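I opened a new notebook page for this chain. My plan was to look up a few things and write each one down.

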Amino acid sequence: MAANPEAMLTEVPSSLKQLARLVVRGFYEIEYSLIIDMLVRYPCLREDDLCDLLKFDKKVLRAKLATLKTDRFVQIKLRIETVEYGKAVKVNGYFINYKIIVNIVKYKLDMMRKKMEVEERDATSRSRFKCSGCDKQFSDLEADQLFDPMSGEFKCTFCGSPVDEDESAMP
């Protein structure tokens, strides 16, 4: 039988919870992962409740939450609660937006992939030079230092022998 569609909309898959925990554990200090663990367990928590659960100093907790908020792992929902004598008070509730976390991870992985492709392309397309005398290798960035304007050839800066392009280093 099909599950209740309303329950499917409000329930967070365990894989997304695990993703949030792993990402924060991998890139942040332990205090941040404790905060995320509590927010995974309890979908929306007030600052005071987080302080009570984690036994953090309020200033420390605010600093950690600010960092997580800046990095878009945690978001704030403003709630109005009634306290003693019917007085209304604005309270910040912290929660995890899993869709944004998935987008952040996808973006970071895509940036890493692009960076690796650029590095690989640069490494394979660069010329290498090798000294015929002492077998010292030079990159194309060092070619200006190897060029001898008197003879019009590339010469080794160490032994003075001619330097040729290294064919084995080509892709």
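**Ground rules.** I am reading a predicted model, where local features need pLDDT of at least 70, side-chain atom pairs count only at pLDDT 80 or more, and totals for chains, interfaces and linings use all residues. Residues are numbered from 1 along each chain as its sequence is written, and side-chain values use heavy atoms, with hydrogens and water left out.

**Whole chain.** I looked up the secondary structure and found 7 helices and 8 strands. These are DSSP runs numbered from the N terminus: helices are H or I with at least four residues, strands are E with at least two. Next I checked the radius of gyration, which is taken over C-alpha atoms. The chain has 29 Å, while a compact globule of 171 residues would be near 16 Å. That rule is 2.2 Å times the number of residues to the power 0.38. The C-alpha trace spans about 95 × 50 × 20 Å along its principal axes. Buried residues make up 25% of the 171. Buried means under 20% relative accessible area, exposed over 50%, and partly exposed in between, with a 1.4 Å probe and protein chains only.

**Helix α5.** I moved on to residues 58-70. This helix has 13 residues and reaches 18 Å from its first C-alpha to its last, close to the 18 Å expected at 1.5 Å a residue. The expected span is 1.5 Å times one less than the number of residues. Which residues of α5 are buried? I noted L61, K64, L65 and L68. Seen down the axis of α5, they fall within an arc of 100°, so they line one face of the helix. The arc is that of the directions from the helix axis to the C-beta atoms. An α-helix has 3.6 residues a turn, so residues three or four places apart point the same way. K59 and T70 are exposed on the face of α5 turned away from the buried side. After α5 comes R72, with a positive phi near 70°.

**Strand β4.** I then turned to residues 128-131. F129 and C131 form the covered face of β4, R128 and K130 the uncovered one. β4 runs antiparallel to β5 (residues 137-139), joined by 3 bridges. Strands pair if DSSP finds at least two bridges between them. R128 has S139 as its bridge partner in β5. The hairpin of β4 and β5 has 5 residues between the strands, and D135 there takes a positive phi near 60°. β4 also pairs with β8 (residues 163-165), antiparallel, over 3 bridges. There, K130 stands opposite D164.
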